[in-house]
Amino acid sequence: MTESIPHRSNSISHGNQLLACKYLRQYRNGKMSRGCQFNTTDTILFIVNFHYFNYTPVHFIEHRYFIEFSKRFKYSVDLIFVGAVESEAIGVYGTGVPIMGFYSYRSYINAYDLFNSRQGFNYYGFMFLNDDSCLNPWVLNTLPFNVSYYERKGELYESNRWKFTSYKNTFGITNFEAVTLALEELNRYDVHSGPYHVTTQPYWGRGDFFYVYRRHSQFVRDILQTMYEYRVFLEIAVPTAVAMVMEVVSQTAIILDDYLFVHVLIFIQPSLVIC
């Protein structure tokens, strides 16, 4: 059981469940349906985050890409689109997250708050990806899903020459200062979940794709919430949060870029059909 920071909460509400179902797509037997029609056991919830207000690719992603993806993926697939501005007409849940993706991990927080077990959902795990991404279902099928993982790079120190270490966030402090303050707060409250505890070591890496196993989902949510409150950059917040629950998994499950996940134009140019 996760021990949350006192001002965190996931409100239990029938209204929340109705809202969640309003934006949910479910893929079963090669077909897509809207709403909460199917059980979510043995299902992965895919959270697709939009960097900008252009939701033109939604139709292609939901009706072409994920239908084909779901036919080849070993788990059942549910999908939610999350963006800065809500679009009820096409089914994008609006969160007010700043554009450009610097803090896009907030979409995981918002999606988790709608689709956690306290709201009546029982997802096996949560898969986050940005809208300019493409996942390879065949490679995904070779990976374990009872662990969490991300696009790992390494430990972050103030002396790192990576430009985003000293880049200032919207609060006017460097990203390294921001993550240091976030970790200090998390440690003050001794946030933990089972054997997993907050550490003082930040990490850096890419944050355009990550997977959170259900056992870790609330813990990661609480960490990312604090990261967002200090406006920690995506490529620091995600690696730092997920690293705290990383199991000992194969190198294949850690270094994902080259053959599992790629940035492509497929969602921006719907005429393209191959990742």
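## Rings, a disulfide and a surface patch

Tutor: Let's start with the link of C21 and C36, which is left-handed, with -105° about the S-S bond. Please keep in mind that this is a predicted model.

Student: What makes the contact of C21 and C36 a disulfide?

Tutor: The S to S distance is 2.0 Å, and the cut-off for two cysteine sulfur atoms is within 2.5 Å, so the pair qualifies. The structure holds 1 disulfide.

Student: Which parts of the chain does the pair link?

Tutor: Distant ones: C21 is in helix α1 (residues 14-23), while C36 is in the loop between β2 (31-34) and β3, 15 residues apart.

Student: Why is C21 called buried?

Tutor: C21 has a relative accessible area of 18%, and buried means under 20%, so C21 is buried. C36 has 33% relative accessibility; that falls between 20% and 50%, so C36 counts as partly exposed.

Student: On to the rings. Why is the pair of F73 and Y75 called tilted?

Tutor: Their centres are 5.9 Å apart, and pairing needs centres within 6.5 Å. Their planes are at 50°; stacked needs under 30 degrees and edge-to-face over 60, so this pair is tilted.

Student: How do you know whether F73 and Y75 are buried or exposed?

Tutor: F73 has a relative accessible area of 6% and Y75 has 18%. Both values are under 20%, so both residues are buried.

Student: What makes F102 and Y103 edge-to-face?

Tutor: There are 80° between the planes, and over 60 counts as edge-to-face. The centres are 6.5 Å apart. Y103, at 4% relative accessibility, counts as buried, whereas F102, at 24%, counts as partly exposed.

Student: How many aromatic pairs does the structure hold?

Tutor: It holds 38 aromatic pairs. One aromatic cluster includes F73 and Y75, along with Y27, F46 and Y149, among others.

Student: Where does R231 lie relative to Y228?

Tutor: R231 lies over the face of the Y228 ring, at 4.1 Å from the ring centre. The distance limit is within 6 Å for CZ of Arg, so 4.1 Å meets that part of the test.

Student: Finally, why is F53 called exposed?

Tutor: F53 has 52% relative accessibility, and exposed means over 50%, so F53 counts as exposed. F53 is found in the loop between β3 (43-49) and α2 (58-72). With Y52, V85, I99 and M100, F53 makes a nonpolar surface patch of about 490 Å².

Key:
Residues numbered from 1 in each chain as written. Predicted model: local features only at pLDDT ≥ 70, side-chain atom pairs only at ≥ 80, totals over all residues. Heavy atoms only, no water. Phe/Tyr/Trp six-rings, centres within 6.5 Å; stacked < 30°, edge-to-face > 60°. Buried < 20%, exposed > 50% of the residue type's maximum accessible area, 1.4 Å probe, protein only. Lys NZ or Arg CZ within 6 Å of the ring centre and 35° of its normal. Patch = residues over 30% accessible without salt bridge, like charges linked within 9 Å, V, L, I, M, F, W, Y side chains within 5 Å. Areas by Shrake-Rupley, 256 points an atom, 1.4 Å probe, with all protein chains shown as cover. Salt bridge = Lys/Arg side-chain N within 4 Å of Asp/Glu carboxyl O. Helix = DSSP H or I, 4+ residues; strand = E, 2+ residues; numbered from the N terminus.
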